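Here is a friendly note to read alongside the model. Please keep the sequence and the 3D view open as you go.

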2 protein chains.
Amino acid sequence: MSPRRGAPDPKTMSTLLELVRMGAAYSSADVSSGSLGRALGLTQQAASHRLIELEGAGLISRIHSGRSLKVRMTPRGLGEVRSFYGELTEAFEKTRVRLVFSGSVFSGMGKGKYYVGHPEYQRRFTEALGYRPYPGTLNVKLEEDRYVEQLRTLRSLGGIRVEGFKRGGEEFSALTCFDGRLSDERVTLLFIDITHYNESVAELISAAYLRGKLGLKDGDRVTFTIDAASLVPAKG
Amino acid sequence: MSPRRGAPDPKTMSTLLELVRMGAAYSSADVSSGSLGRALGLTQQAASHRLIELEGAGLISRIHSGRSLKVRMTPRGLGEVRSFYGELTEAFEKTRVRLVFSGSVFSGMGKGKYYVGHPEYQRRFTEALGYRPYPGTLNVKLEEDRYVEQLRTLRSLGGIRVEGFKRGGEEFSALTCFDGRLSDERVTLLFIDITHYNESVAELISAAYLRGKLGLKDGDRVTFTIDAASLVPAKG
DNA sequence: ATTACTATAGCTCGAGTAG
DNA sequence: TCTACTCGAGCTATAGTAA
């Protein structure tokens, strides 16, 4: 999109992308200048003009077939689109967010210990995160609205997904994980699909027993950072 | 990109994407109109103008900080970019390619039978493809250049990957599979990483003995179709 | 219904320049 | 240096129309 490395201008690229949507990438597609114009928000005439320009640039081939037009992308046109997509994907996946949160520690209902300590969760966390979490969660109440809002933002981003499961008639919820740091400890923030807390509570796990290691007690204020993988919204 | 659902025009979107690359997505970034112009292939003046327009449209916020400018995207601007990216991703991943090939059957060197019949390959194919292939390949020589070129195109796309292995000092090559149809039979085209044939030969496997079932003999012309998963180049 | 030409209107960009 | 104004040039879309 951006004309680094002699890439085509936005106008050209948006037209090529629309042609991809119309199925002209690998085989000829019936593309009328009218339909292309409608999709692009242009008049039929302007769309026709663009197609002629694209052909002139060697990015597509146009074949008149009766009253209609068959369009297919040339290898070069396909290459342009693919490299645009590749660069964009890379840009989106390289974009990392570091969000800072602050709140106060409070005691949960002991559920954290029970759940995180469950052998199956332990197995799944170890596989997903690369470490075996201490059986328990550190609950942090976010008092300021801006942190609560940040938490909402974070939730919509792509994190590490851990699927739920059933054992002995009991249901264990799926959750999404985001890595971060609290002091010098690596922590993981959990978004548990079915949680007992409201959206102003952050539930953290870590390899170590954080309360002990950092000398934390209820009401203490802690600050932690969370890194989100990308700009890409979470799937599903 | 395409203005379906009142999305911004290409010019706006390309500018927003460049701002994402500059790190203005989640926090303020120092963006000079000069540097933005350079990245977009515009002059400083035009870039400045665009930033002002984007602010007017409520997509970014501009804050003068000394001689420089701090830019960050608003939730709405971020939403536009993310929905553009989402639509694009979907379009690319939904785009399926159906390529038609035609060529003539010829006898191989018996290697196909040996390899595909190998118990470990049989196991791996069954897992990867969902059926147990008949031990042997149907070799099709593609005479026309356009088919050879199509085959090259196909190779660069994402297929089902089967890893190689070693057994008894012998090396068995990794390969990439693409599903398709020959007459009413489901077939799978193999791109064997280390093959004995040149790039004008398609090697097909199937659950059935195709030569027998379809009454094929050397020199017979066959037509088959291959479906590729997406426009996205194969990773790795 | 198509495509696509010509001519005009309108918009975007770039040069010059000020703050 | 930086931003961002005005104004004119050039480009692009549109309207009208032909095939």
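1. A word on the source. This is a predicted model, in which local features need pLDDT of at least 70, side-chain atom pairs count only at pLDDT 80 or more, and totals for chains, interfaces and linings use all residues. Residues are numbered from 1 along each chain as its sequence is written, and side-chain values use heavy atoms, with hydrogens and water left out.

2. Who surrounds DNA strand D? There are 17 residues around DNA strand D, and A:Thr43, B:Ser33, B:Gln44, B:Arg62 and B:His64 come nearest (near: a heavy atom of the residue within 4 Å). Of the atoms of DNA strand D that come within 4 Å of the protein, 66% belong to sugar and phosphate.

3. The make-up of that surface. The residues near DNA strand D are four nonpolar, nine polar and four charged; here Ala, Val, Leu, Ile, Met, Phe, Trp, Tyr, Cys and Pro count as nonpolar, Asp, Glu, Lys and Arg as charged, and the others, Gly among them, as polar.

4. A phosphate oxygen of DNA strand D lies 2.6 Å from a side-chain N or O atom of B:His64. For a polar side-chain atom of B:Ser33 the distance to a phosphate oxygen is 2.7 Å, and for one of A:Arg50 it is 2.8 Å.

5. Now the aspartate: is A:Asp227 buried or exposed? A:Asp227 is buried, with a relative accessible area of 18%, because buried means under 20% (1.4 Å probe, protein chains only).

Definitions and conventions: Chains lettered and ligands numbered in written order. Buried < 20%, exposed > 50% of the residue type's maximum accessible area, 1.4 Å probe, protein only. Polar contact = N/O pair within 3.5 Å; in protein donor to acceptor, adjacent residues only side chain to side chain.
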